[in-house]
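Biologist: Could you take a close look with me at one part of this model, the charged side chains that pair up? I would like the cut-offs along with the values.

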Amino acid sequence: MSIFEYDQEAHMKHLKKEYYADGWEDGIEEGITAGRTEGAALTLISLIQNWIKRGFKDEEIVNLTEEPRERILRLIQIIKENPEMDNEQIRKVW
């Protein structure tokens, strides 16, 4: 037997801590990305609601955004058909 003995249990504990730390970091980054995406969606919803209130036509709104036409038209439809919904509810339906 060599002077260096392999301790499988200690090795597995070390790997578990390492994997946990890696997963924690990945989870934080995913959360930040999701938060940014959600924030951008809520901002877009607010903008479109304001443009609708100011009398902008659907095509004008589509042209003001950099989003795909169908996506914006769907959002406009949801906003117009559900005036009682708040922005978070609209985002979830959209």
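What is the relative accessible area of Arg 71, and is this residue buried, partly exposed or exposed?

Modeller: Happy to! This is a predicted model, where local features need pLDDT of at least 70 and side-chain atom pairs count only at pLDDT 80 or more, while totals for chains, interfaces and linings use all residues. Residues are numbered from 1 along each chain as its sequence is written, and side-chain values use heavy atoms, leaving out hydrogens and water.

Arg 71 has a relative accessible area of 36%, so this residue is partly exposed (buried means under 20%, exposed over 50%, partly exposed in between, with a 1.4 Å probe and protein chains only). Its side chain meets that of Glu 67 in a salt bridge, 2.5 Å from N to O (a side-chain nitrogen of Lys or Arg within 4 Å of a carboxyl oxygen of Asp or Glu). Glu 67 is partly exposed too, at 32% relative accessibility.

By this rule, the count is six salt bridges. Another one joins Arg 91 and Glu 88, at 2.4 Å from N to O. These two residues are three apart in helix α4 (residues 87–93), so about one helical turn separates Arg 91 from Glu 88 (helices are DSSP runs of H or I, at least four residues, numbered from the N terminus). Both are partly exposed: Arg 91 at 23% and Glu 88 at 24%. Arg 91 and Glu 88 are also linked with Glu 38 in a network of salt bridges.

Lys 13 pairs with Glu 9, their closest N and O atoms being 3.7 Å apart. Both lie in helix α1, four residues apart, and both are exposed.
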